[in-house]
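Subject: Handing over the two-chain model

Hi,

I am passing this structure on to you, and I hope you enjoy looking through it. Please open it next to this message, as the notes below walk through what turned up.

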Amino acid sequence: MAFDVGDKVIFKVFRYDPAKDKAPYFKDYEVTIERKGMMVLDGLNQIKWHIDGSLSYRRSCREGVCGSDGMNINGMNTTSCMAHIEDYNSNVLIIKPLPGFPVIKDLVCDFTDFFNKYYAVKPYLIEKTPPPGTERLQSVEDRAKIDGLYECILCGCCSSSCPSYWADPDYLGPSALLNAARFVMDTRDEGSDERLDAVNNIHGVWRCHTILNCIHACPKELNPTKAIASLQKEILKRKY
Amino acid sequence: MEYMRGYIDRYQGSSKSGEFNWLMQRVSGIALLVLLLGHFFIQHFISAPVGGAGYAAVAARLSDLGWKLFDMTFVTFALYHGINGIFMVIEDYVYSGWRVFWKGFFWVVGVLYWVLAALTIIPFKG
């Protein structure tokens with residue numbers, strides 16, 4: 001659906017302030033298309049700056065790098081700064097916080113548990129041999145092995161879209177597991193054994209039932225399911 | 001029941017990490033596919049062509065030691081695959097002490113069905 005400058009779009013936004021509201025509710029805002037290719041985040045900014053300053057949401061870089069503004073727009077998780085309003089082919093956008101995460105206020109979710117799971121997979125280079133003089137060089141082929149893994153911006157869209165993640169509060173989730181794969185597949189890293197130990201768990205890689213929601217949700221077009229499968233393969237290869 | 005989680009996970013025996021069950025679910029799945037298609041083709045195209053499977057033919061087949069082995073393998077994999085699938089659902093959704101109960105319950109159900117199958121297949125003489 002193509003919008004012209006001046007057209008109106010209704011944003012139905014999830015509102016909840018635990019200090020004031022007994023229950024969450026949706027509030028309608030009329031957003032004016034100001035320019036072609038306007039993003040959902042631009043619409044939210046328009047609401048925040050000109051219509052209702054009480055609306056809370058996270059944003060920072062507004063270009064899909066910081067991963068702050070993960071939210072659920074018309075049923076799909078994405079980062080609002082990477083979502084064109086006109087791509088939804090609708091005059092009404094229903095905007096909710098990420099499903100399965102505790103809501104702090106409006107569209108702001110509590111990411112404590114999400115980041116604890118991220119830290120659980122040791123998402124940093126573990127080295128056992130001293131660095132060779134300057135830096136650890138990598139061949140072009142070895143570097144290509146972490147393509148599709150290193151780009152994760154930790155927006156939480158994948159984990160929040162995963163029914164296994166909703167069902168099992170301890171499941172590490174697609175995001176943490178993709179980041180585990182990012183280091184396991186990195187030829188410079190020497191901590192694969194301890195990292196694989198951390199994910200070879202009843203709440204780790206085996207909880208993935210290839211539902212594939214994470215792939216649809218990821219605004220960076222990464223493939224967490226494939227990353228989890230590569231971890232499963234690596235664990236089985238080392239054991240059998 | 002939050003405090004029980006570690007306890008429950010520690011006492012899962014061989015399914016502690018879930019890797020063996022995960023692998024065997026795939027192995028049994030492939031085995032079932034081979035056994036089922038094998039059974040189908042031998043039944044309907046090789047040993048007894050369509051329309052020719054009367055009681056006598058079936059009884060003769062069921063009395064055969066090879067077929068008894070085939071059927072026991074089939075039923076073992078089928079029960080393993082089915083019950084193991086239920087275990088995975090339980091691991092997904094049940095975190096309290098009920099997990100131990102439900103897993104135990106389906107262990108018993110699986111073993112009982114296996115015994116029932118063995119009693120039906122092994123002593124059959126026609």
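This is a predicted model: local features need pLDDT of at least 70, side-chain atom pairs count only at pLDDT 80 or more; totals for chains, interfaces and linings use all residues.

Residues are numbered from 1 along each chain as its sequence is written, while chains are lettered from A and ligands numbered from 1 in the order in which they are written.

**Chain A overall**

Chain A has nine helices and seven strands; helices (H or I, at least four residues) and strands (E, at least two) are DSSP runs, numbered from the N terminus. Its C-alpha trace spans about 60 × 40 × 30 Å along the principal axes. Of the 240 residues in chain A, 40% are buried. Here a residue is buried if 20 or more other C-beta atoms lie within 10 Å of its own, exposed if 12 or fewer, and partly exposed in between, with C-beta atoms placed from the backbone. Among contacts in chain A between residues at least 6 apart in sequence, 67% join residues at least 24 apart; two residues are in contact if their C-beta atoms, placed from the backbone, lie within 7 Å.

**The sheet**

Five strands of chain A form an open sheet in the order β2-β1-β5-β3-β4, with mixed pairing. Two strands pair if DSSP finds at least two bridges between them. The edges are β2 (25-32) and β4 of chain A, each of which pairs on one side only. On average, neighbouring strands are turned by 35 degrees against each other, direction ignored.

Strands β3 (residues 70-73) and β4 (residues 76-79) of chain A pair in the antiparallel sense over four bridges. Gly70(A) stands opposite Thr79(A), and Ile73(A) has Met76(A) as its bridge partner. Two residues lie between the strands of this hairpin, where Asn74(A) takes a positive phi near 45 degrees. β3(A) also runs antiparallel to β5(A), joined to it by two bridges, and here Asn72(A) stands opposite Lys96(A).

Helix α1 (residues 40-51) of chain A lies across β1 (8-15), β2, β3 and β5 (92-96) of chain A, and runs at about 95 degrees to β2(A). Axes are lines fitted to C-alpha atoms, for helices over the stretch in contact, and angles run from 0 to 180 degrees between N-to-C directions.

**A helix pair**

The axes of α6 (residues 173-184) and α9 (residues 224-239) of chain A come within 8 Å and cross at roughly 55 degrees. α6(A) and α9(A) are therefore oblique to each other; angles under 35 degrees count as roughly parallel, over 145 as roughly antiparallel, 65 to 115 as roughly perpendicular and the rest as oblique. The residues that meet include Leu177(A), Leu178(A) and Ala181(A) from α6(A), and Ala227(A), Ile228(A) and Leu231(A) from α9(A). By class, this contact of α6(A) with α9(A) has ten nonpolar, two polar and one charged residues. For these classes, Ala, Val, Leu, Ile, Met, Phe, Trp, Tyr, Cys and Pro count as nonpolar, Asp, Glu, Lys and Arg as charged, and the others, Gly among them, as polar.

**Two loop residues to check**

Asp106(A) is not a glycine, yet has a positive phi of about 45 degrees. It sits in the loop between β6 (103-105) and β7 (108-109) of chain A, and with 23 C-beta neighbours inside 10 Å Asp106(A) counts as buried. Glu221(A), also not a glycine, has a positive phi of about 55 degrees. Glu221(A) lies in the loop between α8 (213-217) and α9 of chain A and is exposed, with 9 other C-beta atoms within 10 Å.

**Chain B and the contact**

The contact takes twelve residues from chain B and ten residues from chain A. On the chain B side, α1 (5-10), α2 (19-47) and α4 (65-93) are the elements that give two or more residues. By class, that side has three nonpolar, three polar and six charged residues.

Within chain B, Arg26(B) lies in helix α2 and is exposed, with 10 other C-beta atoms within 10 Å. Arg26(B) and His81(B) are 55 residues apart in sequence and 8.6 Å apart in space, C-alpha to C-alpha.

Best wishes
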